[in-house]
Amino acid sequence: MIGSINGFSKLNKEEKINWIAKTYLNNQTAVVDLIKQYWNADEDLQKLHDEFIENTITNFYLPLGVAPNFLINDTWYTIPMVIEESSVVAAASKAAKFWADRGGFKATILNTEKIGQVHFMYKGDKQKLQAFVQAIQPVFLADTFSITQNMQKRGGGILAVELRDKTQEIADYYQLHVTFETKDSMGANFINSCLEQMATTLKREALSYGAFDAQEREIDVVMSILSNFVPNCVVRAEVSCPIEALASSEIKDPVLFAEKFVQAVRIAEIEPFRAVTHNKGVMNGVDAVVLATGNDFRAIEAGVHAYAAKDGQYRSLSHASIENGMFRFWIDLPLAVGTVGGLTSLHPMVKIALQMLQKPSATQLMQIIAVAGLAQNFAAVKSLTTTGIQQGHMKMHLMNILNQFKATDEERIKVVAHFEQHVVSHSAVVELLETLRK
Ligand code: HMG
């Protein structure tokens, strides 16, 4: 069958590329050459990247940009950002400068607890199960000691093991709901290893628990896995200033600006269609730093959006207020990130990104990421409620359009000069290029 293959994983990289070229790319040597052009000339470096994932055929570049001038809790940061979308880095940089002139960003860790669950089925008396889980608490800790001892030395470990009765939703379904402190690591491997051991302990101890009958002894574990929903691992980032201090060359009427801004945020708090786009703007900043620092952006995305819907309706992650003449804008974000483990000590660019951030602890990184999200959100909502988003976005997108049409250096200079005085749009750029090429 064309397009299907057994044993693909056993082929070497060249063979994999050749199979893809033959099957999907009409054996075009130019395409194969292009794939290989993206290999790193340093074979060791390439091997490192090849081994991050499976079936690697080449590298996929994303730009690493930096946003300077972030004043966070009185420390200056230049924030590394990995993102493909134009205007995000510029917007973050602009917001950073704006708030640096007004006291900078404040960031506070509200809590740092992570969660994992053992999902299991138990047919029997609930009280007996409760007593059993209580009785084996020391056994859970003893059995996981070899996994937790180093984490305990760093001040982390298992915080609590709670039995949760979910039988109202699914017959016979219970959970061990376990909370963890994982210090500077994101903790996924640590948590999952602890949970798998606890599942083994649960089943083994049940078999010899005197109060159980034969059926109750047969606890059936469905799965053991961390949760990426971390509503108790939250950081708050905020900015505030007297309303009149918002005045700038762009903000002529700070009262009107503040009122409109607060209205825009309020709309995102109550209207899910707007909230999703509003939060996408937040995630422009968040994901870019999460990626640059080698963290798991899928976990962060899933957790953040669950948090945005925690009361049953999807809402804005950020909030704004005007009180006693003060403008305040803040965000609470659940962020389970690490600065040790995972890619952090493997990917050369991640190492540099963390160095640039002055080797932050996990909680410092949470603060930096939340600030990047808030800054991004501020820039977008500021544009939306004043000039509209397209003016700045298209100004930054100009280079992409010029690249798409393979503009020469001479054309670029002329086009850029022209659009210093005119609003950029795709059609206006194409029209100008056509005129220049006549
Ligand atoms: P501007 O005022 O035209 O920029 O803003 P400027 O040329 O006057 O420069 C001012 C500062 O902006 C610079 O200071 C930089 O900090 C930054 P300087 O470095 O000169 O001291 N800046 C740049 N940084 C790096 N490279 C550049 C650059 N240009 C300016 N080339 C800007 C232009 C795009 C910043 C502004 O219009 C803006 O903030 N727009 C918002 C853009 C945005 O939010 N983009 C995200 C993508 S849109 C989206 O996905 C989300 C959205 O749907 C979310 C939502 O609905 O809420 C909008």
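Trainee: How many nonpolar, polar and charged residues does the lining of the second largest pocket have?

Mentor: One sorts the lining residues by class. In this predicted model, the lining of the second largest pocket has 11 nonpolar, 16 polar and nine charged residues. The space in this pocket comes to about 940 Å³. Its lining comprises 36 residues, and Ala91, Ala379, Ser383, Ile389 and Gly392 are the closest to its centre.

Trainee: Which elements each supply at least two residues of that lining?

Mentor: They are α4, α11, α14 (362–385) and α15 (389–404). The largest share, eight residues, comes from α14.

Trainee: Between which domains does the second largest pocket lie?

Mentor: The domain assignment is the place to begin. It divides the chain into domain 1 (8–50), domain 2 (65–111 + 234–387), domain 3 (114–227) and domain 4 (392–437). Domain 2 and domain 4 both give residues to the lining of the second largest pocket, so this pocket lies between them. As for domain 3 and domain 4, their C-alpha centres are 60 Å apart.

Trainee: What is the volume of the largest pocket, and which residues lie nearest its centre?

Mentor: The largest pocket holds about 1,500 Å³ of space. Of its 41 lining residues, Phe52, Leu291, Leu343, His347 and Val350 lie nearest the centre. Two or more lining residues come from each of α3 (43–50), α8 (188–207), α11 (272–292), α12 (297–308) and α13 (348–356). The classes here are 23 nonpolar, 16 polar and two charged residues.

Trainee: How many cavities of 30 Å³ or more does a search of the whole structure find?

Mentor: The general idea is that rolling a probe the size of a water molecule over the atoms shows where empty space is left. In this structure the search finds two such cavities. The largest cavity has a volume of about 50 Å³, and α12 gives the largest share of its lining, four residues. That lining divides into seven nonpolar, two polar and no charged residues. Among the residues that line the largest cavity are Asn228, Val230 and Ala336.

Trainee: Which residues line the second largest cavity?

Mentor: They are Lys114, Ile115, Met186, Ile191, Leu226, Ser227, Asn228, Val230 and Ala336. This cavity has a volume of about 40 Å³, and β4 and β7 (220–227) each supply at least two residues of its lining. By class, the lining has six nonpolar, two polar and one charged residues.

Trainee: How many aromatic pairs are counted?

Mentor: For aromatic pairs, one reads the distance between ring centres and the angle between planes. The count comes to 21 aromatic pairs. Phenylalanine 70 and phenylalanine 105 form a tilted pair, with 5.7 Å centre to centre and 35° between the planes. Phenylalanine 70 lies in strand β1 (residues 64–72) and phenylalanine 105 in the loop between α4 (88–100) and β3 (106–109), so the pair ties together parts 35 residues apart in sequence. Both residues are buried.

Trainee: Is the pair of phenylalanine 120 and tyrosine 174 stacked or tilted?

Mentor: That pair is stacked, at 6.0 Å centre to centre and 20° between the planes. Phenylalanine 120 is in strand β4 (residues 114–121) and tyrosine 174 in strand β6 (residues 173–181), 54 residues apart. Phenylalanine 120 counts as buried because its relative accessibility is 0%; tyrosine 174, at 2%, counts as buried too.

Note on methods:
Residues are numbered from 1 along each chain as its sequence is written. This is a predicted model: local features need pLDDT of at least 70, side-chain atom pairs count only at pLDDT 80 or more; totals for chains, interfaces and linings use all residues. Side-chain values use heavy atoms; hydrogens and water are left out. Rings of Phe, Tyr and Trp (its six-membered ring) pair if their centres lie within 6.5 Å; planes under 30 degrees apart count as stacked, over 60 as edge-to-face and the rest as tilted. Buried means under 20% relative accessible area, exposed over 50%, partly exposed in between (1.4 Å probe, protein chains only). On a 1 Å grid over the protein atoms alone, a cavity is a set of points where a 1.4 Å probe fits but cannot get out, and a pocket is an open set with protein on both sides within 12 Å along at least five of seven lines; lining residues have an atom within 4 Å of a point. Grid points are joined across faces, edges and corners, and a volume is the space filled by probe spheres set on the points. Ala, Val, Leu, Ile, Met, Phe, Trp, Tyr, Cys and Pro count as nonpolar, Asp, Glu, Lys and Arg as charged, and the others, Gly among them, as polar. Domain bounds come from an automatic or database domain assignment.
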